[in-house]
Amino acid sequence: MNKFERGGEAVVQYLDSNLRIIKPGSFVRCAVTGQQISLDDLRYWSVERQEAYASPEAVMVRITGKDLKTL
């Protein structure tokens, strides 16, 4: 187990190409779906909004304001 896998939700600062762990945990939540995202699987986030996203589709929903059915 690495130092970030302590269970619970992490608090993260999203930077341009990296993350800064503020409070250790094993996951963050998608800002659109609420889905838990393992820190190891986190690939999509917004530096401006300081939000994580579970998928490219979730990013598009946030950017466009439309739900997945209309994209």
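The structure holds 2 salt bridges, a salt bridge being a side-chain nitrogen of Lys or Arg within 4 Å of a carboxyl oxygen of Asp or Glu. One of them pairs Arg 29 with Glu 9, with 3.5 Å between the closest N and O atoms. Arg 29 sits in strand S3 (residues 27-29) and Glu 9 in the segment before S1, so this pair ties together parts that are 20 residues apart in sequence. Arg 29 is partly exposed at 38% relative accessibility, and Glu 9 is partly exposed at 35%. For these labels, buried means under 20% relative accessible area, exposed means over 50%, and partly exposed is in between (1.4 Å probe, protein chains only).

Before going on, a word on what you're looking at: this is a predicted model, in which local features need pLDDT of at least 70 and side-chain atom pairs count only at pLDDT 80 or more, while totals for chains, interfaces and linings use all residues. Residues are numbered from 1 along each chain as its sequence is written, and side-chain values use heavy atoms, with hydrogens and water left out.

Now for the other salt bridge, where the side chains of Arg 62 and Glu 51 meet at 3.0 Å, N to O. Arg 62 belongs to helix H1 (residues 56-64) and Glu 51 to strand S6, so the pair links parts that are 11 residues apart in sequence. What about burial? Arg 62 is partly exposed, with a relative accessible area of 29%, whereas Glu 51 is buried at 18%.

Most residues other than glycine have a negative phi. Gln 50 is partly exposed, with a relative accessible area of 34%.

Tyr 53 turns up again in the largest nonpolar core, which has 11 residues: Ala 10, Val 12, Tyr 14, Val 28, Cys 30, Ile 37, Leu 39, Leu 42, Ala 52, Tyr 53 and Ala 58. Strand S1 (11-14) and S6 each supply at least two residues of this core. Such a core is a set of buried Ala, Val, Leu, Ile, Met, Phe, Trp, Tyr and Cys residues joined through side-chain atoms within 4.5 Å.

Finally, the whole chain. There are 1 helix and 6 strands, in the order β-β-β-β-β-β-α from the N terminus. Helices (H or I, at least four residues) and strands (E, at least two) are DSSP runs, numbered from the N terminus. Of the 71 residues, 24% count as buried. Among contacts with a separation of 6 or more, 22% come from residues 24 or more positions apart.

Definitions and conventions
Contact means heavy atoms within 4.5 Å.
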